[in-house]
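This short report looks at one helix and its surroundings. Please look at the sequence and the structure before reading on.

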Amino acid sequence: MIGDDIVALRNHLKEYRSGLGLNQTELGKLAGVSRQTISLIERGDYSPSVTLALKLARICQVKVEDLFEYVEDEEQ
């Protein structure tokens, strides 16, 4: 069954965004989404679509696997 309590997608978006010297609003504009969407992704409260994940990876100049990490069955 998919989608219980814990989102199994970790991300490093904030670190890459900061490294590029961008704030959430600027990254959102580049990706075509709102600042709130970027904030939700960074907090782990929202999992982006595949298209958005690929777009963010391209903006950050990394592979999508460097930006997002699927974590399965990890104790928290």
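Which residues of helix H4 (residues 50-60) are buried?

## The model

This is a predicted model, in which local features need pLDDT of at least 70 and side-chain atom pairs count only at pLDDT 80 or more, while totals for chains, interfaces and linings use all residues. Residues are numbered from 1 along each chain as its sequence is written, and side-chain values use heavy atoms, with hydrogens and water left out.

Helices (H or I, at least four residues) and strands (E, at least two) are DSSP runs, numbered from the N terminus. Buried means under 20% relative accessible area, exposed over 50%, and partly exposed in between, with a 1.4 Å probe and protein chains only. In H4 the buried residues are Leu-52, Ala-53, Leu-56, Ala-57, Ile-59 and Cys-60. They lie on the same side of H4 because they cover an arc of only 160° around the axis, taken from the directions from the helix axis to the C-beta atoms.

The face turned away from this buried side carries the exposed residues Val-50, Thr-51 and Arg-58. Lys-55, which also lies in H4, is partly exposed, with a relative accessible area of 39%.

## The nonpolar core

A nonpolar core is a set of buried Ala, Val, Leu, Ile, Met, Phe, Trp, Tyr and Cys residues joined through side-chain atoms within 4.5 Å. The largest one has 14 residues, and those with the most contacts inside it include Leu-56 and Phe-68. H4 supplies the largest share of this core, six residues.
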